[in-house]
Amino acid sequence: MGRVVVRLDLGSMRLESDPSFKFRCVENCGKCCCELDIPLTDEDVERIEELGYSAWEFVDYDKAFYRGDEFLGYALKKRPFDDCCVFLDPETKRCRIYDHRPLACRLYPFVFIRDGRFLEVSIRDEKECPGVGAPDGDQMSLRFLLDNYGDVIADCRRKWKKGG
Ligand code: SF4
Ligand code: SF4
């Protein structure tokens, strides 16, 4: 697992973070949209279908993700001419469904792992993402986390409170 940059207590919401770490997604980068295979959750598929797309247009049924024997989901489709995601505008390098993009796209380059009442955020592929260490980037404050991943944190808190 990569470098841990945040450890959040889901009970007190106190956070320990690496003060030297900064992140900001680089505009028009699109690197992760071409170089990664993106898993889709059922909620991702439903949300994107609500925009008017049919699943066959954006789900790659030949590529599936598993954790052990457990099926996690199919992959987001890539287009043949540049191997980038079908939603990446080839000219502007912007995501055409940005506000509705899959959870995995929102989380990258971070990995969220809950261990009991603590949530650890670490960096995946530290050297691959040019937004990691961006001098004008955001520090990992509670505000940053809640603004960008409030739903993920709320879900982790719910599961922790239920004892899951
Ligand atoms: S998350 Fe990183 S690799 Fe992906 S578009 Fe932003 S800067 Fe580029
Ligand atoms: S859905 Fe958007 S953010 Fe996700 S890989 Fe495709 S273009 Fe990139």
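Where does K93 lie? K93 sits in the loop between β5 and α4, where helices (H or I, at least four residues) and strands (E, at least two) are DSSP runs numbered from the N terminus.

A word on the model before going on. This is a predicted model, in which local features need pLDDT of at least 70, side-chain atom pairs count only at pLDDT 80 or more, and totals for chains, interfaces and linings use all residues. Residues are numbered from 1 along each chain as its sequence is written, while chains are lettered from A and ligands numbered from 1 in the order in which they are written.

**Domains and core**

The protein chain is assigned domain 1 (1-28 + 108-164) and domain 2 (37-106), with bounds that come from an automatic or database domain assignment. Their centres, taken over C-alpha atoms, are 23 Å apart.

The largest nonpolar core holds 28 residues, and V6, I38, L76 and C85 have the most contacts inside it. Such a core is a set of buried Ala, Val, Leu, Ile, Met, Phe, Trp, Tyr and Cys residues joined through C-beta atoms within 7 Å. Elements giving two or more residues to this core include β1 (4-9), β5 (70-76) and α5 (142-161). Each of domain 1 and domain 2 supplies at least three residues to this core.

**Around the ligands**

**Backbone details**

Most residues other than glycine have a negative phi, and most peptide bonds are trans. Y108 and P109 are joined by a cis peptide bond, with omega about 5°.

| Residue | Phi | C-beta neighbours within 10 Å |
|---|---|---|
| N28 | near 60° | 9 |

A residue is buried with 20 or more other C-beta atoms within 10 Å of its own, exposed with 12 or fewer, and partly exposed in between, the C-beta atoms being placed from the backbone.
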